[in-house]
Amino acid sequence: MTDKKATLSVEDKNLDYAVISGSIGPQVIDIRKLYAQTGMFTYDPGFTSTASCDSALTYIDGDQGILLHRGYPIDQLAEQSSFMEVAYLLLNGELPDGDTLSDFTRTITRHTMLHEQLATFYRGFRRDAHPMAIMCGVVGALSAFYHDSTDISDPVQRKIASHRLIAKMPTIAAMAYKYSVGQPFVYPRNDLSYTANFLRMTFSVPAEDYIPDPVIVDAMDKIFILHADHEQNASTSTVRLAGSSGANPFACIAAGIACLWGPAHGGANEAALNMLREIGTPDRIPEYIARAKNKDDPFRLMGFGHRVYKNFDPRAKVMQKTATDVLDKLGVKDPIFDVARELEQIALQDDYFIEKKLYPNVDFYSGVILSAIGFPTDMFTVLFALARTVGWVAQWNEMISDPDQRIGRPRQLYTGPDVRDYVPLDKR
Ligand code: SDX
């Protein structure tokens, strides 16, 4: 709290509201008493100027292009850490020592198997179902199988549910892919790392041995780190709002997956690669830049722009470097990567993008890497959901353990008809 006040003049009243400071970043004006004092609501569709909570997990400075997880810069975590270590950090607040990390990783590893009956759940889907539809269904169904970890008032059950969700997402995601290509499900193995286990469950077949390529394991682990958490984005806010009603964690994460699917959010990685493929060659880039600038054309440059970043998304910088490394190491020459880099150069020199501060975001380059690794485009958002489960679970735990936590219930500006009497059918 600060001793600073914000004064609002409403009709003949001057009302003071407390200004609250966080550890870094913008201060907030505490307007919780506004409605009681004025009978008025604030109005902020899209929440461009609204802080929905306080959180110690992730800090973003959109103007400077800064992203910190518990204070650690994303580029340092991506270059020096592992996804399991970042998961521990987000859940517990500090980087673990060696023994703690081993214990945490072992715990997660021992939750990677899925209740066998859930395998039949997949068979209810058409083979051509979008894998995100399967993820929404299967993750939501987890609460029907893991009743012993749905009592959110019990810290032990919250911890077990958190570990189960983080551990089982790779298994569920890999099974969604296997089901879509008609190959048998592959069980997890306890002698593999989290990310190597996922790659083996996804790409191995019973007909031959599969040794995960260390280059791909490292790139995938980095991609998971880059997607782990991102402050109060749409899907995280969905998880928090669902959790505020006391819904069980499996249902909350399923709600987050549904929200992430949208092309304006996590679905942008799939849409960005489809857009790059549609552009096809660098000579067609100007046509698409013109479309993106045309107010009458709903087309947007997918993978560009961000509500918070008005500078480079720091994750996009790491992603572009990772794409270069992975394609070089795999010996993949993907013309789509050339289109992406050319498109970025042209857009960043265009007045429209400069004026609107539109830069590549996390979704612009990820598809190039995921495609080179062998994932079909419709699996890209599944991979985003797999990694973001760590952030969703950490944000959900932070909210549930907050003693001031209440159900989220926004109000509205009503624009419908005033009260009127019912008109019988024969009088209309
Ligand atoms: C993610 O919030 C998060 O943190 C999300 C995320 C996370 O990790 O959780 O970072 C992940 O969702 C990244 C964003 C992925 N989405 C896309 O790449 C889709 C393309 N981008 C946009 O649709 C858009 O930029 C949003 C949705 C990301 C942000 O939308 P805003 O903040 O509501 O901004 P806006 O739509 O009001 O755009 C401001 C202006 C508009 O022009 P005007 O109406 O002011 O004239 O910029 C224009 C927009 O038309 N604009 C674009 C554009 N993005 C914004 N014009 C062309 N191409 C674009 N991509």
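Trainee: How many residues sit between β1 and β2 in their hairpin?

Mentor: Two residues separate β1 and β2 there. E11 lies in that turn, with a positive phi of about 50°. Before we go on, note that this is a predicted model: local features need pLDDT of at least 70, side-chain atom pairs count only at pLDDT 80 or more, and totals for chains, interfaces and linings use all residues. Residues are numbered from 1 along each chain as its sequence is written, and side-chain values use heavy atoms, with hydrogens and water left out.

Trainee: What holds strands together, and in which sense do β1 and β2 pair?

Mentor: Strands of a sheet pair through backbone hydrogen bonds, in a parallel or antiparallel way. Here strands are DSSP runs of E, at least two residues long, while helices are runs of H or I, at least four; both are numbered from the N terminus. Two strands pair if DSSP finds at least two bridges between them. Strand β1 (residues 5–10) and strand β2 (residues 13–20) run antiparallel, over six bridges.

Trainee: What is the strand order in the open sheet of three strands?

Mentor: The order is β4-β5-β6, with antiparallel pairing. β4 (58–61) and β6 (72–73) are the edges, each pairing on one side only. β5 (residues 66–69) joins β6 over two bridges. Look for H69: it stands opposite Y72 in β6.

Trainee: Now the ligand. How many residues surround it?

Mentor: 24 residues do, where near means a heavy atom within 4 Å. The closest are H230, H306, R307, R315 and R388. By class, the shell has ten nonpolar, seven polar and seven charged residues. For the classes, Ala, Val, Leu, Ile, Met, Phe, Trp, Tyr, Cys and Pro are nonpolar; Asp, Glu, Lys and Arg are charged; the others, Gly among them, are polar.

Trainee: Which side chain has an N or O atom 2.6 Å from a ligand oxygen?

Mentor: That is H306. A polar side-chain atom of R388 lies 2.7 Å from a ligand oxygen. For R300, the distance from a side-chain N or O atom to a ligand oxygen is 2.8 Å. Taken alone, the ligand exposes 1000 Å², and the protein buries 78% of that (Shrake-Rupley method, 1.4 Å probe).

Trainee: How many salt bridges does the rule give?

Mentor: Side chains of opposite charge can pair when their charged atoms come close. The rule asks for a side-chain nitrogen of Lys or Arg within 4 Å of a carboxyl oxygen of Asp or Glu. The count comes to 16. One of them joins E278 and R291, with the closest N and O atoms 3.9 Å apart. E278 is in helix α12 (residues 268–279) and R291 in helix α13 (residues 285–293), so this pair ties together parts 13 residues apart in sequence.

Trainee: Where do D325 and K321 lie?

Mentor: Both are in helix α14 (residues 314–330), four residues apart, about one turn of the helix. D325 is partly exposed at 26% relative accessibility, and K321 is partly exposed at 45%. Buried means under 20%, exposed over 50%, and partly exposed in between (1.4 Å probe, protein chains only).

Trainee: Are K427 and D426 buried or exposed?

Mentor: Both are exposed. Their salt bridge has its closest N and O atoms 3.8 Å apart. Elsewhere, salt bridges that share partners join E79, D218 and K222 into one network.

Notes. Polar contact = N/O pair within 3.5 Å; in protein donor to acceptor, adjacent residues only side chain to side chain.
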